[in-house]
Amino acid sequence: MLIIKNLHANVEGKEILKGINLEVKAGEIHAIMGPNGSGKSTLANVLAGNKGYEVTEGEIWFEGKNLLELEPEERAREGVFLAFQYPIEIPGVSNATFLKTAINEKRKHIGLPELTPKEFLDLMKEKSKILGMDDSLISRSVNVGFSGGEKKRNEIFQLLMLNPKLAILDETDSGLDIDALKIVANGVNVFHNDENAVIVVTHYQRLLNYIVPDYVHVLSKGKIVKSGGKELALELEEKGYDWITSDELESQNA
Amino acid sequence: MNQNLSEKAKDWYLQNIDILSKRLNGSSKNLLSELREKSKKKFLELDFPNRKNEEWRFTDVTPILKHNFIPSILIDKTKFTPEEIKKYLFTGFDFYLITFVNGIFEEDLSELKNLPNGLIVGSLNKILKDKPELIHDNIDKFSSEQNIFNALNSIYAYDGFVIIADKNVVLDKPIQILFLNGNNENEVLVSPKNLIIANNNSQLSVIINYKGFGNKNYFMNSTVDVFIGESALIDYYKIQDENDDSFHIEKIDTVQNAKSIFTQFNISFGGSLVRNDINSKLAGEFTETHYYGLYLAQDNQHVSNYTFIDHAKPNCMSNELYKGILDDNSHGVFNGKIFVRPGAQKTNAYQQNKAILLSKNAKINTKPQLEIFADDVKCTHGAAVGHLDEEAEFYIRSRGVPQELAKSILIRAFAYDVIESMKIEELKEQINHIIFEKLHQVEFQNNLY
């Protein structure tokens, strides 16, 4: 589904990603872990097409398409979704209107008619129930006055509504208490099936107790320095990141 | 600006006074003819302002002076049918309607039947003939003072709207005042003098709707004087959306007595030069004043808003929020003065001005002016100028929304807190609609179905 080859990217002229290689297949869950500043969020933003990040080298292929040639909205319509670390507030635009606009843009793109009001309402009810969302959150302006937890939950609500092929979760666990974490994780698990894939970007192993990854990759200084199964996350939780990043440096230096 | 241009323009308008006086020869002397004589003297003393004048530093009036505008009373009337003016109105709610074409009252285009007892809505010219005593004390309180444009207004003042609410009158629906300006043959000077008197405990809602027609340039030079009695309440909507090449200068003076509440929306969309001078004097204790402004300019348009809130008494609150959207080569000016007089303790005054520039060539000058002569007051002000937030645009696009629509969503979000404060629900979407139409942006509506 997703193939990343030798990806290099700059932020404000500084190289943050220094040759990322990664392949994600349908049905898989990948966790990208790493210390602060390792490039995790950069990778997530580059995949979604944030213009603030400049790709200097490498390729990204998504379902056979060259992702780097596509605008953010085109990527979204092809099935890429990024759950933001810091979701944006949009005063005066209700969650419902925003989602209806987004869904219908996607449907237009794939040649489907707009959802009828009833179809849309039913879909909203079904998905908001999964996340235990209050109806008032749906009619309120996008993220305006939401708590940190409500914003993250709203990102997952958007994920469920838009039902992409690839979901990238950028530090979705940060700022969540354990109950909210479980609800959010449950939302992702309901979304996940054999035909889609999830990339979980996180600093901590905590979320991975509830969203169980098939693969864990450790990112350090812009490169994947170690990959493994879900046990790797537990090992990181226990030992921290130092042992990997220093090991890796030593082996590079050797 | 060279002195010559000012002199030439003055000559032109003085010469027309004689024509006007001859034309009105038959009419007996009245308040307006007295005012005309007085204002003529003032007009002779003053010059049209140039950029050296602090209050006009950012507003270049030379484009206005290059035209020889003919006072509308001296030209043939343009006729409209009630059907034809419908497209100029704000609709979807009930309202009383009073219409002025080039500043002159049109009875056939007005709907003033069944006004509540104790409410007068009508034409200045008519009231001067029928019951001048009603407005005798208020007609010349402010409007001929201050600057040459106001003197010019008084010289050519012939008509305008008058609203008088007796005490305790509560209006059941808003009054929409349509100013339809323009012409196909002549370049017209429109010079209405307008008056609102809300006596104690009365409540009014007015929508003053400025629209343009025809292919000739025109100059709308207007004044509005507003008197608000004790515990009276006025919601005042000024919505200006005139021809792209027109000129619009207006001074609005308000006096608020104790415990009154004045809420004003000042929405500017059109015109090559728009200048608003908006002054409120808080002359009684425990008043509230809310100023909301939204201005949108594109191409080479210029929009200036000069606001002045005079806290003359203690325990008053004023809150001001102005927002500007500037595109292309347009230029916006916001000058917000708050004056707290000695003894006006426990004053609360807030001011905020925000602008977004949609192009590299758009420009804004913004100047808060706080002059505080009391020591127990709370005054804050803030100004912010920026571009549309790229991170926010990315967020919206990342959900599959095209870039143009994402921009529309952000513009709507920017204007939201001003528009949402309006109390007439049906106006909100119509104002949003004008924003998108003006910016040639895809419309983004918030209603679900």
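How many helices and strands are there in chain B? I opened my notebook with that one, keeping in mind that this is a predicted model.

**Entry 1: chain B as a whole**

I looked up the elements and found nine helices and 21 strands in chain B. Next I checked the radius of gyration, which is 21 Å for chain B, close to the 22 Å that the globule rule gives for 449 residues, so chain B is as compact as a globular protein of that length. I also noted the spans of its C-alpha trace along the principal axes, about 70 × 50 × 50 Å. Buried residues make up 50% of the 449 residues in chain B. Then I turned to contacts between residues at least 6 apart in sequence: in chain B, 84% of these join residues at least 24 apart.

**Entry 2: one lysine in chain B**

I picked B:Lys337, which sits in strand 18 (residues 331-340) of chain B. Is B:Lys337 buried, exposed or partly exposed? I found 16 C-beta neighbours inside 10 Å, so B:Lys337 counts as partly exposed; a buried residue would need 20 or more. Leaving out residues up to four places away in sequence, I listed what B:Lys337 touches: B:Thr307, B:Phe308 and B:Gln369. I also looked at B:Tyr306, which is 31 residues from B:Lys337 in sequence and 7.7 Å from it in space, C-alpha to C-alpha.

**Entry 3: where the chains meet**

I moved on to the contacts between the chains, where 21 residues of chain B meet 27 residues of chain A. On the chain B side, helix 7 (390-397) and helix 8 (403-420) each supply at least two residues. Which helix of chain B gives the most to this side? I found that helix 8 of chain B does, with seven residues. Sorted by class, the side of chain B that touches chain A has ten nonpolar, four polar and seven charged residues.

**Entry 4: a sheet in chain A**

I followed an open sheet of four strands in chain A, with the order 2-1-4-5 and antiparallel pairing. Strand 2 (14-24) and strand 5 (65-66) of chain A are at the edges with a single partner strand each, so one side of each has no neighbour in the sheet.

I then went through the pairs:

- Strand 1 (residues 2-11) of chain A pairs with strand 2 of chain A over eight bridges, and A:Leu7 stands opposite A:Ile20 in strand 2.
- Strand 1 of chain A also pairs with strand 4 (residues 53-62) of chain A over eight bridges, and here A:Leu2 stands opposite A:Phe62.
- Strand 4 of chain A is joined to strand 5 of chain A by two bridges, with A:Asn66 as the bridge partner of A:Trp61.

Strands 4 and 5 of chain A form a hairpin with two residues between them. In the turn I noted A:Glu63, which has a positive phi of about 50°.

**Entry 5: helix 7 of chain A**

My last stop was helix 7 (residues 178-191) of chain A, which has 14 residues and reaches 20 Å from its first C-alpha to its last, close to the 20 Å expected at 1.5 Å a residue. Which of its residues are buried? I found A:Leu181, A:Val184, A:Ala185, A:Gly187 and A:Val188. The buried residues of helix 7 of chain A pack against helix 4 (117-130), helix 6 (148-162), strand 9 (166-170) and strand 10 (197-202) of chain A.

Methods:
Residues are numbered from 1 along each chain as its sequence is written. Chains are lettered from A and ligands numbered from 1 in the order in which they are written. This is a predicted model: local features need pLDDT of at least 70, side-chain atom pairs count only at pLDDT 80 or more; totals for chains, interfaces and linings use all residues. Two strands pair if DSSP finds at least two bridges between them. Two residues are in contact if their C-beta atoms, placed from the backbone, lie within 7 Å. Ala, Val, Leu, Ile, Met, Phe, Trp, Tyr, Cys and Pro count as nonpolar, Asp, Glu, Lys and Arg as charged, and the others, Gly among them, as polar. The expected span of a helix is 1.5 Å times one less than its number of residues. A residue is buried if 20 or more other C-beta atoms lie within 10 Å of its own, exposed if 12 or fewer, and partly exposed in between; C-beta atoms are placed from the backbone. The radius of gyration is taken over C-alpha atoms; the globule rule is 2.2 Å times the number of residues to the power 0.38.
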